[in-house]
Amino acid sequence: MFVRKAMMVLHRVCWLVFVALVLVGVLAEPLLPFGLTFVPAALAVVIGFTLSRSGPKEALGDRPAVEVAPPVTGRWSALNSPADKVPSHGTHVYGQTYAIDIVAEPETGDGEPPARPPFRLFWPVARRNRDFPAFGAPLLAVADATVVRASDGQRDHLSRNSLPALAYLMLIEGAVRDMLGARRIIGNHVILDLGERTYAVYAHIRRGSLTVKAGDTVRAGQEIGRVGNSGNTTEPHLHFHLMDGPDPDAARGVPFTWRGVGVPANGETFTVDAVEAGAAVKGEDAVKAPDRAGQRGVRGGWPGVVGGAG
C-alpha cells in the first residue's frame with residue numbers, strides 16, 4: 001500500500017510541476033526548454049495510467065463479495081455498476097474497483113414531469129440540486145461500524161448535466177480536483193471501518209448533513225448523512241464502494257453485495273422501504289423490485305463522470 005500511496009503523491013506532484021512550469025513560461029522567462037516542460041506531464045500520465053490499470057488481486061474474483069445492508073431506502077437506479085464491468089468506473093484508483101453510483105428514481109403520477117431532470121445538450125447549462133430527487137435523501141450505515149473519516153465542509157455545486165457543463169467538468173474541473181487529491185474528488189464523505197480490513201465509502205455527501213464524526217460507532221441502519229452533490233460529480237447521487245484500507249489513495253477495491261438486493265446492474269431499478277431495510281439489517285431477505293426499462297446514465301462518478309462519481 002505504501003508504494004501505491006507514493007505513486008499517487010508523485011502523480012499529483014508531476015502535474016503541479018507541469019502547471020507551474022507553464023505558468024512561469026507564460027508570465028516570465030521559461031525555466032526549461034520547451035520540450036522538457038512536458039516531461040512532468042508525460043510522467044504524470046504514465047503513472048496515472050499504471051495506477052488505473054493495476055487492480056487488486058480480488059478483481060480476478062479470488063475474494064468473495066462482502067454482504068452488507070443497503071445504504072438507502074426508496075426507489076433507486078444503478079449506474080456504473082460492477083455487475084456490468086470491473087473496474088466499474090474504468091479505473092482502480094481510490095479503491096473503487098467495485099464502486100457503484102445510484103440515483104433516486106421515485107414513482108411519478110400520470111401526466112407529471114419526470115422526477116429526475118434529463119441530460120440536455122445545451123440548455124439549461126446547470127440546474128439547482130433541489131431539482132434532483134436524490135438530493136437530501138438519507139444515507140444509512142450498511143453495518144455496525146466505526147467512523148474513521150467524516151468530512152462535510154465542501155459546497156454542493158450546481159449540476160453538470162449539459163454538454164458545456166460536462167465538458168468543463170471533464171477538461172478543467174476534474175483535472176484540478178485530481179491534482180488536489182482524493183478529498184476533492186470524493187467531496188464530502190464518510191468512511192466506515194466494518195472490521196476484517198473492510199471499509200465502506202460514501203461519497204458526494206451533502207454539505208453540513210453528517211450526523212457522525214471520526215471515532216463514533218454506528219449501528220446498521222443508522223442515518224449518518226444525506227445525499228449531496230459535492231466533489232467530482234454532475235448531479236446529486238450516492239457513490240458507494242468497499243475497500244481494504246481507510247486511505248483511498250492506497251486502498252484496493254473489495255467486492256460487495258447488498259443484502260436482499262444484490263448488486264443491481266446498470267439501468268436496474270430497485271426499491272428498499274424502511275421495513276425492508278430493517279429486515280436487511282437483521283439478516284432477512286428484503287424484497288427486490290428489478291426494472292431494467294432502460295434508465296439513462298448518470299453523469300458524475302468518481303473520478304469518471306457518472307454515466308461515467310466518483
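Here are a few exercises on the structure above, each with a worked solution.

Keep in mind that this is a predicted model, where local features need pLDDT of at least 70, side-chain atom pairs count only at pLDDT 80 or more, and totals for chains, interfaces and linings use all residues. Residues are numbered from 1 along each chain as its sequence is written, and side-chain values use heavy atoms, with hydrogens and water left out.

**Exercise 1. Work out how helix 1 and helix 3 are placed relative to each other.**

Step 1: Find the elements. Helices (H or I, at least four residues) and strands (E, at least two) are DSSP runs, numbered from the N terminus. Helix 1 covers residues 2–27 and helix 3 covers residues 39–53.

Step 2: Look at the axes. These are lines fitted to C-alpha atoms, for helices over the stretch in contact, and angles run from 0 to 180 degrees between N-to-C directions. The two axes come within 8 Å and cross at roughly 150 degrees.

Step 3: Angles under 35 degrees count as roughly parallel, over 145 as roughly antiparallel, 65 to 115 as roughly perpendicular and the rest as oblique. So helix 1 and helix 3 are roughly antiparallel.

Step 4: See who touches whom, with contact meaning heavy atoms within 4.5 Å. The contact residues divide into 15 nonpolar, 3 polar and 1 charged (Ala, Val, Leu, Ile, Met, Phe, Trp, Tyr, Cys and Pro count as nonpolar, Asp, Glu, Lys and Arg as charged, and the others, Gly among them, as polar).

**Exercise 2. Is serine 52 buried or exposed, and what does serine 52 touch?**

Step 1: Serine 52 sits in helix 3.

Step 2: Its relative accessible area is 12%, so serine 52 is buried (buried means under 20%, exposed over 50%, partly exposed in between, with a 1.4 Å probe and protein chains only).

Step 3: The side chain of serine 52 reaches the backbone oxygen of phenylalanine 49 at 2.9 Å.

Step 4: Setting aside neighbours within four places in sequence, serine 52 is in contact with Thr91, His92 and Val93. Valine 93 belongs to the loop between strand 2 and strand 3. The C-alpha atoms of valine 93 and serine 52 are separated by 5.3 Å, though the two are 41 residues apart along the chain.

**Exercise 3. Which residues with positive phi are buried or exposed?**

Step 1: Asparagine 80 has phi near 50 degrees, a positive value in a residue other than glycine. At 12% relative accessibility, asparagine 80 counts as buried.

Step 2: Glutamate 196 has phi near 55 degrees, again positive and not a glycine. With a relative accessible area of 77%, glutamate 196 is exposed. You'll find glutamate 196 in the loop between strand 6 (189–193) and strand 7 (199–203).

Terms used:
A polar contact is a pair of N or O atoms within 3.5 Å; within protein, one must be able to donate a hydrogen and the other to accept it, and residues adjacent in sequence count only if both atoms are side-chain atoms.
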